[in-house]
Amino acid sequence: MVHKALRFIGQAMQVTGLLVLPLAIAMQLTNSLQRALQVSQMVFMAIFGVCMFVIGLILRNIGQE
């Protein structure tokens, strides 16, 4: 039961990590924040997405049994 939960959480984190950067790019292009994102904020979002993906990958592998 714990393995299924870890696998699910890991997969959810991987999907979230993959969606963060395209979401940031879309927000920048549509100007939905009413201000431009700075390069440092885009780099932070990219690093955050990579970290989420890697942590999700580790959790999913732990959940494989």
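Trainee: Where is phenylalanine 44, and why is it called exposed?
Mentor: Phenylalanine 44 sits in helix H2, helices being DSSP runs of H or I with at least four residues, numbered from the N terminus. Its relative accessibility is 59%, and exposed means over 50%, buried under 20% and partly exposed in between (1.4 Å probe, protein chains only), so phenylalanine 44 counts as exposed. This is a predicted model, where local features need pLDDT of at least 70 and side-chain atom pairs 80 or more, while totals for chains, interfaces and linings use all residues. Residues are numbered from 1 along each chain, and side-chain values use heavy atoms, without hydrogens and water.

Trainee: What makes isoleucine 58 partly exposed?
Mentor: Isoleucine 58 also belongs to helix H2, residues 39-62. Because its relative accessibility is 47%, isoleucine 58 counts as partly exposed.

Trainee: Why is H1 called roughly antiparallel to H2?
Mentor: The axes of H1 (residues 2-30) and H2 come within 7 Å and cross at roughly 160°. Axes are lines fitted to C-alpha atoms, for helices over the stretch in contact, with angles from 0 to 180 degrees between N-to-C directions. Angles under 35 degrees count as roughly parallel, over 145 as roughly antiparallel, 65 to 115 as roughly perpendicular and the rest as oblique, so H1 is roughly antiparallel to H2.

Methods. Helix = DSSP H or I, 4+ residues; strand = E, 2+ residues; numbered from the N terminus.
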